[in-house]
Every structure is written in structure tokens, then in C-alpha cells.
Amino acid sequence: MNYHIFSEWLSLLVKTRSSQAVKRLLDLQPDTALVVRGEREIEVGIEEVRVGDLVRVRPGGRVPVDGRVMAGHSAVDESFVTGEPMPVEKTEGDAVIGGSINGLGTVLIRVTAVGAETFLQQVVRHVEDARALKPGILHLVDRILRVYAPAVLILSPLSFIWWTAGMWWLTGQPDLERAVFAALSVLVMGYPCAVGIAAPLSIVRGAGEAADQGILMRTGEAFQALRLVRYMVLDKTGTLTVGRPVLKEIVALRNADELVALAAAVEGSSEHPLGRAMLDAALDRGYRVPAVEDFEAVAGRGVSARVDGRRVLVGRAAYLQENGIDVSTLRQRIGELEAAGQTVVVIGREREFLGAVSFGDDLREDAVAAVAAMKAAGVVPVLVTGDNEGAARRAALAAGIEEVHAGVLPGEKAEIVRRLQQQGRVAMVGDGINDAPALMQADVGIAMGTGTDIAIESADVVIVGNRLRAVVTAREISRWSYRKTKQNVVLAFLFNGLGIPAAATGLVYPVWAIAAMAASVTSIFVNALWGRPSLFFDAVLSVGHTSAVPTAAESSHS
């Protein structure tokens with residue numbers, strides 16, 4: 001019994017360590033926040049901050065809570081969430097995540113989430129939920145134990161009866177000492193401690209390994225299903241690609257530097273994603289972006305503003321033509337760029353046509369390697385996107401994907417997943433609201449960490465670091481975890497299967513039965529932690545030093 005308590009304590013330590021990599025994120029959250037109340041700025045403990053409070057974040061400081069920028073402008077380092085090394089520009093209306101590092105600007109944010117509802121706390125809760133849900137092999141072990149435990153309890157008194165009444169009937173002399181030894185040894189040897197921890201320990205270890213790689217296994221079923229996946233369905237924008245436009249080509253009729261600077265000045269006042277991409281391109285090249293006046297936007301057409309007293313127009317070719325600017329000199333080149341899947345923006349000043357710029361969405365840096373790794377593992381990558389056929393084919397060709405479905409609506413994505421499921425297990429990787437139905441339909445839904453809330457909530461696995469290669473890593477961890485689970489279950493039943501008959505002979509002293517049980521549990525711990533002994537020692541050292549994470553139940557009562 002003492003060894004059982006000790007083994008359960010060890011199991012608890014390993015479970016604690018399994019989420020250490022994610023719980024370290026909580027240390028990124030500052031202990032205090034600078035709350036603006038009236039005309040005063042008051043520094044308060046983070047636990048005193050409430051939804052709706054205004055919080056000031058100064059240059060170089062960490063954002064203390066999740067919120068939305070109400071005033072100010074800055075670049076924020078969100079690499080711990082997105083994996084992208086470049087800071088993200090934040091202006092009024094943009095969301096910020098607690099724990100990210102503010103750049104050189106001062107921003108005023110309105111708090112949108114506190115406590116258990118913040119991003120960091122939700123990440124930890126996902127790991128806790130993954131441990132709470134059991135995959136199929138654990139259900140199998142539970143069913144076996146429902147038969148196994150009563151069988152041991154029946155075998156123990158039967159052993160006692162045999163060596164007393166049975167021997168008295170055969171020899172006329174009951175062997176009481178042997179009967180007691182047999183009954184006790186069967187109970188000790190049959191104690192299901194090793195069986196009970198065999199599967200959970202491997203899954204817990206797998207969850208820890210996954211968390212270290214920035215992968216959150218939100219459901220235990222993911223451990224079992226992901227290893228069997230035959231098809232990997234990939235969304236395009238934001239999953240296979242970076243998900244944000246970048247300047248690809250400049251076609252200037254006069255001065256290219258002036259063209260980019262003027263376009264950035266006008267587009268920089270717009271909230272359109274292309275406007276931000278244009279401004280980023282100009283700043284990256286070190287261009288001076290002039291000030292603008294009298295900014296005007298025409299929805300779906302373009303924008304205009306006065307720069308140095310002259311009106312500059314940026315937008316679709318039709319928009320410039322409507323304002324008396326002839327763009328025919330570049331019509332063929334514009335058509336070629338659009339045929340290549342790029343978005344083209346033309347620029348004019350007063351009645352003069354200055355040129356055009358094109359934007360595209362680049363593949364993720366690891367996309368080609370990730371697709372190659374999928375193929376090497378026997379998994380068929382399939383691209384399913386709502387984008388047009390041309391853009392989808394080009395992205396698929398660059399990444400090395402043969403099967404492509406383009407122009408697909410959200411419901412049709414789920415239907416494609418259903419069709420593929422008739423041929424084998426399917427995993428869906430996405431990041432947007434339009435991916436949610438397919439994520440729910442797939443055997444395993446995988447969401448990129450920067451995806452929408454709906455996509456993340458619909459998924460079984462979340463890639464926090466936003467690396468596509470982590471999808472393959474998750475499958476490898478699933479295979480490893482399941483293999484270790486089977487090994488541990490076999491070890492547990494091997495000990496019990498050999499030990500119980502031996503104990504029933506009455507030749508095994510109870511003390512040796514205790515030693516055998518201890519050896520079986522130890523062998524399972526060693527097998528589960530093999531190659532990663534630090535998992536245990538880090539867990540021991542972390543006791544008493546981890547941040548408390550309230551459960552959903554606790555949060556509901558607070």
C-alpha cells in the first residue's frame with residue numbers, strides 16, 4: 001500500500017511536469033498593471049484588474065492582460081504565440097495578448113478578458129482537459145479492470161479454500177500456512193496498481209512532449225486517432241501560407257521609390273490589409289512616407305488623399321479610370337500578375353498614371369519541408385481552399401501537393417472530409433471560421449495557434465507555435481505515445497499474468513509478492529520515462545513553484 005501511494009505520487013509529479021512547458025507561459029504575465037481611473041494612473045495587482053478597465057502599457061513593458069488598443073500605436077512582440085520573430089504593428093482597434101512585449105510606443109488598452117478567460121489561462125486549461133479525456137485504449141483497460149478486479153478477489157479465497165478444504169479432502173491434512181500465504185500473495189500480486197497507471201502515464205508523457213514542442217493535445221482521442229491519419233487536409237490562407245499579403249513586385253513608369261512612398265502614404269491611412277502591407281514595405285525599404293491630407297476611401301474600389309497638395313489615388317484599375325487616369329500602358333502586365341494569383345494595386349496622381357504594385361501571400365517557411373515529411377510518413381496532403389483555382393494550384397505546386405480542391409465553401413470543406421473518411425482517417429488543419437465545420441467533421445481537427453477562436457474551439461489539437469511542421473511532429477508523438485501505452489499495458493499484465501498463478505501455489509511469500517508488484521510498477525515508470533529522465537526530476541523540482549491554474553469549476557464559483 002505504501003508503494004502504491006508512492007507510485008501515485010510519482011504519477012502526480014509526472015502529470016504536473018507534462019504541462020510545465022505551457023504553464024511557463026503564465027510567468028510571462030506581469031504581477032501588476034497600470035490602470036487608468038479618471039485622471040490618475042494607479043498600479044494595481046493583476047488580480048484586481050477587471051474587464052472594461054483601461055490599462056496603460058509603456059514602451060518595453062509586457063502587456064499585462066488581454067485587451068484591445070483604444071489609443072496609441074506600437075509594435076508588439078507576440079512570438080511566444082505566433083512563432084513569428086517580427087513584431088506586429090498595433091493601432092487603435094487591434095487586439096493584444098497578455099504576456100506579449102510592447103515596443104517603443106505607449107498604448108492604452110481596454111481589458112477584454114481576465115483570470116481564466118485570458119489566452120494564457122485557456123492554453124493551460126486545454127492541457128488539463130486533454131488529461132481528463134480518455135482515448136479508446138484507456139476505455140479498454142477500464143473494461144478489463146472491471147473483470148480483472150473481481151476475478152482476483154474471487155481467486156484469493158478460492159486459493160485459501162483449496163489449500164485448506166481441498167488438501168484436507170485429498171490428504172486429510174489442511175495446509176493452513178500455505179493457504180494464508182496463497183490468499184495474501186494473490187491479493188498482493190493481483191493488485192491493479194501497475195495496470196491502472198500503465199496507459200495514463202504514457203499519455204501524460206506524450207502530452208508533456210507535445211507541450212514542449214508547442215503542441216496542445218486538447219482531447220485524449222487525438223492521441224489514438226492522429227497516429228492512424230491517412231489524409232492531411234490543409235487550408236491555404238493562414239495555414240499553408242503566412243496569411244498576410246506582402247509586396248511582391250513594383251512596376252513603375254517613373255520613379256519606383258516615389259511610387260512605393262506615395263502608395264504607402266495613402267494606403268497607410270486605410271484599415272485594409274493591403275494598406276498595412278504597403279506601409280510595411282515602404283518602412284522596410286527605409287523610404288520617407290509623406291504626410292497626407294483629405295483622406296477618402298471608396299469601399300471596394302480604392303482610396304485617395306492629398307500629398308504635397310496633389311491628389312494621389314490608389315486602388316483598382318477601374319477606380320483610376322473612373323477618375324480620368326489612363327492605365328492602358330500596363331494593362332497586359334496587370335493581367336499577367338493577376339493570372340499569377342497576385343493582387344494588383346495601381347497608383348495615379350492627379351491625371352498621371354504612375355505604375356502598379358502587386359501583393360501575394362507567401363508559403364510558410366517550413367511548408368515545403370512539412371509536406372515532404374507528411375509524404376515520407378505515408379500521409380497524403382490535400383489542399384482545400386475557398387481561394388480561386390489558379391492561386392490554389394500555384395500554392396499547391398510550390399508546396400508539393402498533388403490533390404487540390406479550390407473555390408470551396410465551408411460546408412463543402414466538411415463534405416470533402418467526409419468523402420475522404422470513406423478511404424481512411426482524416427486530419428484537418430485550418431485557422432479560420434470557415435474551417436470550423438471541417439475541423440469538427442475530421443477524425444482529428446488541428447488548428448493553427450493564430451486562428452480564430454471558433455477554429456481553435458473546434459479542434460482537437462492546437463499548434464501554439466504556428467509551425468506547420470509541428471503537425472507532423474504531433475503525429476509522431478501520437479505514434480510514440482500509443483506504442484509506449486501498449487508496451488506498458490503488456491508489461492503490467494505480464495507481471496500479473498505470471499505472478500497470480502505463482503502466488504496461488506502458496507509458494508510465494510507475501511513479502512516477495514510485494515517486491516514483485518513494486519518491480520512491475522518500477523518497470524512501467526522506467527519504460528514510460530526512458531530517454532527523458534529529466535521529466536521526473538524537473539517535476540520534483542517544480543513542486544511548490546508552479547502557478548496555480550483555476551479549473552473551470554473553480555472559476556465559476558469565484
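This is a predicted model: local features need pLDDT of at least 70, side-chain atom pairs count only at pLDDT 80 or more; totals for chains, interfaces and linings use all residues.
Colleague: Which residues of H6 are buried?

Modeller: They are Ala179, Ala182, Ala183, Ser185, Val186 and Met189. To be called buried, a residue needs under 20% relative accessible area.

Colleague: Why do residues three or four places apart in an α-helix point the same way?

Modeller: Because an α-helix has 3.6 residues a turn.

Colleague: On to salt bridges. How many does a search of the whole structure find?

Modeller: The search finds 14.

Colleague: What makes aspartate 362 and lysine 248 a salt bridge?

Modeller: The cut-off is 4 Å between a side-chain nitrogen of Lys or Arg and a carboxyl oxygen of Asp or Glu. Here the closest N and O atoms are 2.6 Å apart, so the pair meets the definition. The pair links distant parts of the chain, 114 residues apart. Aspartate 362 is in the loop between strand S17 and helix H14, and lysine 248 is in strand S12.

Colleague: Why is aspartate 362 called partly exposed?

Modeller: Partly exposed lies between under 20% (buried) and over 50% (exposed). Aspartate 362 has 30% relative accessibility, so it counts as partly exposed. Lysine 248 has 41%, so it also counts as partly exposed.

Colleague: How do you know that arginine 306 and aspartate 294 form a salt bridge?

Modeller: Their closest N and O atoms are 4.0 Å apart. The definition asks for within 4 Å, so the pair counts. Arginine 306 is in strand S14 and aspartate 294 in strand S13, twelve residues apart.

Colleague: Are these two buried or partly exposed?

Modeller: Arginine 306 is at 32% relative accessibility, so it counts as partly exposed.

Colleague: Where do lysine 375 and glutamate 402 lie?

Modeller: Their side chains meet in a salt bridge at 3.0 Å, N to O. Lysine 375 lies in helix H14, and glutamate 402 in the loop between helix H15 and strand S19, so the pair ties together parts 27 residues apart in sequence.

Colleague: Why is glutamate 402 called exposed?

Modeller: Exposed means over 50%. Glutamate 402 has 58% relative accessibility, so it passes. Lysine 375 has 36%, so it is partly exposed.

Colleague: What joins Glu41, Arg56 and Arg58 into one network?

Modeller: Salt bridges that share partners.

Key. Residues are numbered from 1 along each chain as its sequence is written. Side-chain values use heavy atoms; hydrogens and water are left out. Helices (H or I, at least four residues) and strands (E, at least two) are DSSP runs, numbered from the N terminus. Buried means under 20% relative accessible area, exposed over 50%, partly exposed in between (1.4 Å probe, protein chains only).
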